[in-house]
Amino acid sequence: MIDEGLLQRTRCIYFYDTSTPCNKRAAGSGCAAIGGINRMHAILGTSEHCIATHPSDMCVALAALDARVLATGPGGARTIAFADFHRLPGDTPERDANLRADEIITAIELPPRGFARNYTYLKIRDRLSYAFALVSVAAALEPQDGTIREARLALGGVAHKPWRNREAEAQLIGPATRQSFQHAADTVLRQARGFGHNDFKIELARRAIIRALSQAARGTPQSQADKRIAGSVS
Ligand code: SF4
């Protein structure tokens with residue numbers, strides 16, 4: 001059960017279409033998504049070999065919380081930091097995670113820090129249900145007297161793995177202002193690159209980051225049940 005959730009594969013229509021080239025399915029065959037229909041594809045951490053995205057919601061939240069994956073195999077037990085568990089495609093896109101073939105996952109550890117008051121998970125998708133995220137943002141803040149003392153920010157739907165940017169998180173330390181949120185979003189997306197159909201994701205991600213941080217700062221987590229979007233700070 002744990003393995004199924006954490007080892008969810010990246011999502012790409014061409015991966016399932018055996019009439020098209022796909023480096024993830026057949027190494028060295030090419031990537032049909034680059035130059036193809038790539039509306040759902042990645043804008044960060046891509047390689048010339050693969051631009052697929054990690055579709056999970058749960059893993060994005062676990063990344064923001066600094067979870068740890070416990071694995072065991074013939075070589076013994078080990079702990080993998082969540083940021084190191086999933087992989088970017090590089091030149092081995094067939095490998096989605098850093099779990100060895102002879103290992104199994106035995107547990108997930110969550111630090112006691114839960115950011116229970118100031119958090120949100122914002123998921124932008126084509127439909128309100130039964131759809132993977134075009135862009136999702138997990139945001140968690142620790143404010144004190146109007147100043148952010150710690151910030152976590154993880155994105156889904158934009159890369160081959162849940163995407164964190166420590167520089168942007170560090171920039172959020174200080175007064176909780178829209179300008180600060182915009183600055184952090186710009187940092188996250190500085191290296192973003194579109195492939196045609198998915199160019200819109202760059203601006204979508206920028207707005208989603210600002211919205212999610214605004215909601216988290218107000219202590220108004222968005223309910224995925226009632227679909228309302230909470231207000232933002234000015
Ligand atoms: S993006 Fe990745 S999964 Fe999709 S066709 Fe290219 S190599 Fe295959």
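By class, four nonpolar, three polar and one charged residues line the second largest cavity. In this classification Ala, Val, Leu, Ile, Met, Phe, Trp, Tyr, Cys and Pro are nonpolar, Asp, Glu, Lys and Arg are charged, and the others, Gly among them, are polar. The model is predicted, so local features need pLDDT of at least 70 and side-chain atom pairs count only at pLDDT 80 or more, while totals for chains, interfaces and linings use all residues. Residues are numbered from 1 along each chain as its sequence is written, and side-chain values use heavy atoms, with hydrogens and water left out.

**Cavities**

The residues lining the second largest cavity are Arg11, Met40, Thr53, His54, Pro55, Phe132, Ala133 and Gly157. A cavity is a set of points, on a 1 Å grid over the protein atoms alone, where a 1.4 Å probe fits but cannot get out, and its lining residues have an atom within 4 Å of a point. The second largest cavity holds about 40 Å³ of space. A volume here is the space filled by probe spheres set on the points, with grid points joined across faces, edges and corners. Because domain 1 (2-109) and domain 2 (119-218) both give residues to its lining, the second largest cavity lies between them.

In total, the structure has three cavities of 30 Å³ or more. The largest cavity contains about 90 Å³ of space. Its lining is made up of 16 residues, and those nearest its centre are Cys12, Cys22, Asn23, Cys31 and Cys50. By class, 11 of the lining residues of the largest cavity are nonpolar, four are polar and one is charged.

**Overall build**

The protein has seven helices and eight strands; these are DSSP runs numbered from the N terminus, with helices being H or I of at least four residues and strands E of at least two. Its radius of gyration is 18 Å, close to the 17 Å that the globule rule gives for 234 residues, so the protein is as compact as a globular protein of that length. The radius is taken over C-alpha atoms, and the globule rule is 2.2 Å times the number of residues to the power 0.38. The C-alpha trace spans about 55 × 45 × 35 Å along its principal axes.

Of the 234 residues, 46% are buried. Buried means under 20% relative accessible area, exposed means over 50%, and partly exposed is in between, with a 1.4 Å probe and protein chains only.

The protein is divided into domain 1 (2-109) and domain 2 (119-218), with bounds that come from an automatic or database domain assignment. The centres of the two domains, taken over C-alpha atoms, are 21 Å apart. Between them, 39 residues of domain 1 are in contact with 35 residues of domain 2, where contact means heavy atoms within 4.5 Å. Among contacts in the protein with a separation of 6 or more, 60% join residues 24 or more positions apart.

**Single residues**

Asn23, one of the residues nearest the centre of the largest cavity, is found in the loop between helix 2 and helix 3. Asn23 is buried, with a relative accessible area of 8%. Beyond its neighbours within four places in sequence, Asn23 is in contact with Gly28, Ser29, Gly30, Cys31, His49, Pro93 and Glu94.

Ile34 is placed in the loop between helix 2 (13-16) and helix 3 (58-64). With a relative accessible area of 32%, Ile34 is partly exposed. Leaving aside neighbours within four places in sequence, its contacts are Ser47, Glu48, Ile51 and Phe195.

Tyr119 lies in strand 4 (residues 119-124) and is partly exposed at 38% relative accessibility.

| Pair | Apart in sequence | Apart in space |
|---|---|---|
| Tyr119 and Ile209 | 90 residues | 12 Å |
| Asn23 and Ala139 | 116 residues | 33 Å |

Most residues other than glycine have a negative phi. Asp66 has a positive phi, near 60 degrees. Asp66 sits in the loop between helix 3 and strand 1 (68-73) and is partly exposed, with a relative accessible area of 27%. Asp145 also has a positive phi, near 55 degrees. Asp145 is in the loop between strand 5 (135-144) and strand 6 (147-156), and is exposed at a relative accessible area of 79%.

Key:
On a 1 Å grid over the protein atoms alone, a cavity is a set of points where a 1.4 Å probe fits but cannot get out, and a pocket is an open set with protein on both sides within 12 Å along at least five of seven lines; lining residues have an atom within 4 Å of a point.
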